[in-house]
Amino acid sequence: MITLLDCGVSNVASVERALHRLGAESQRATTPECVSNARALLLPGVGHFEALIRVLDDRNLRVSLIDTIRRGIPFLGICLGLQALYDTSEEAPELTGLQLLSGRVRALPPVAKLPHMGWNRLVTKHKSQLLEGVDANDAYFYFAHTYAAVELGEETVATCSYGTEFVAVLEKENMCAVQFHPEKSGEAGAQVLRNFVRLSA
Amino acid sequence: MSLARRIIPCLDVDGTRVVKGVNFVGLRDAGDPAQLAARYNAEGADELVVLDIAASRDQRPTFLETIRRVAAELAIPLTAGGGIRIAEDARAVLRAGADKITLNTAAVARPDLISETSLDFGAQAIVLAIDAKREGDHWTVMVRGGRESANRDAIEWAKQGVALGAGEILLTSMDRDGTKSGFDAALTAAISSAVSVPVIASGGAKLPSHFVEIFTEGRADAALAASIFHDDIQPIRGLKEFLAARWIPVRLPC
């Protein structure tokens, strides 16, 4: 059972549908208790960094979310759900992220059309559990974002380039996150979700 | 590394059925939206657009149900629009399963609709649909399904829309729509060069070479078509193979 953190600001339904197509069971969580009880946790995200962080704080979800991830349960962040893991974001400089990873999320440079919206490819850096079974240097994934984590670290298993190189897939023990939308990325995206479902079993 | 150029089938929906027609007249039934959506998803479409051509208030629940049925079939992004007049309309369409909304006539009447929805849902969710028609040495914006002139320059309107928060432009050439004589590359290049967001070209597609032209000369980021896909005149897979062979980056389905 995968618990989807429903912050009311993202399209949880599309992730739900994608998991359903794979035959994986999911449930929505809106309270700290539900987050703490999760056996596997998924944080979908689309929209503004500020909107997500404010909901996490207003509903007292921050602490239970951080604790649950630290406890070692399988976690997958999608898009904004990746960016939220860092210290801060240029999109809302006055707010603090979950601080599970150090660094600041930055605006992509305006050298190409923004948002970075459409299908792009990855460059793999390390062996990845999420990308297992994906032809990762050939497959296209769907991106829709203007901000990105540009500070690469040990946890960066794949990057994408659009004006600059940024984190596309990260894995740090139980904590995984992707900047693209696997639920919108056709068969390649379905394989990423399938891998997370397997890690959650 | 560059983005793949997107191929986007469009479903014009009247109630519960997909319809097609030339220049918005002589509509014919073209099938069930969910069935067509499933087919295009499997054939390698990069995105799907669903437009409510009736766009009437009392038909709204029917259209939202169609969006739900279509979204259930897709593992690719879904854009929906037609008749979105206020932020609440947009919210309902996104809740039903769309990833992006299109704004057209209502945004021309009240441009703040763009900034309001962009703030609420993010620029990536807001597609400004512009129906443009050549008038002398420029292009003018048409509204109400292309029937009325808005007396506004299309390039200026595109720039204003982006400044207000539109994340993408869906540009339809009213001169080419339904003619199957090729996209309007001059119009599309003019708009694409003027704005900082992706531009989807629409209207006039038939041959694979039309798509090559719009992605090169026309500087389009994506190309949209309807009847040539519905009628299987141009299967999506074959079209993408044609483009890939001409060094246009596309996502080839496995």
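Tutor: A disulfide here is a pair of cysteine sulfur atoms within 2.5 Å. By that test, the structure has 0 of them over all chains. Keep in mind that this is a predicted model, where local features need pLDDT of at least 70, side-chain atom pairs count only at pLDDT 80 or more, and totals for chains, interfaces and linings use all residues, while side-chain values use heavy atoms, with hydrogens and water left out. Residues are numbered from 1 along each chain as its sequence is written, and chains are lettered from A and ligands numbered from 1 in the order in which they are written.

Take Cys34(A): the closest cysteine sulfur belongs to Cys7(A) and is 13 Å away, so a bond is out of reach. Cys34(A) has 33% relative accessibility and therefore counts as partly exposed (buried is under 20% relative accessible area, exposed over 50%, partly exposed in between, with a 1.4 Å probe and protein chains only). Cys10(B), at 3%, counts as buried.

On one side, β12(A) pairs with β11(A), residues 156-161, in the antiparallel sense over 5 bridges (pairing takes at least two DSSP bridges). There, Ala158(A) sits opposite Val169(A).

Glu171(A) has Cys176(A) as its bridge partner in β13(A). That hairpin has 2 residues between β12(A) and β13(A), and Glu173(A) in the turn has a positive phi of about 55 degrees.

For contrast, chain A also has an open sheet of 3 strands in the order β5-β6-β10, with mixed pairing. β5(A) (88-89) and β10(A) (147-149) stand at its edges with a single partner strand each, so one side of each has no neighbour in the sheet. β5(A) and β6(A), residues 104-107, run parallel and are joined by 2 bridges, with Ser89(A) bridged to Val105(A).

Now step out to where chain A meets chain B. The contact (heavy atoms within 4.5 Å) takes 25 residues from chain A and 36 from chain B. About 2400 Å² is buried between them, 57% of it from carbon and sulfur atoms (accessible area, 1.4 Å probe, that two parts lose on being put together, summed over both). There are 2 salt bridges across it (a Lys or Arg side-chain nitrogen within 4 Å of an Asp or Glu carboxyl oxygen). One of them joins Lys113(A) to Asp221(B), with closest N and O atoms 3.0 Å apart.

Over in chain B, helix α8(B), residues 208-216, has buried residues including Phe211(B), Val212(B) and Phe215(B). Among the elements covering the buried residues of α8(B) are β1 (6-14), α7 (185-194) and α10 (236-245) of chain B.

Key: Helices (H or I, at least four residues) and strands (E, at least two) are DSSP runs, numbered from the N terminus.
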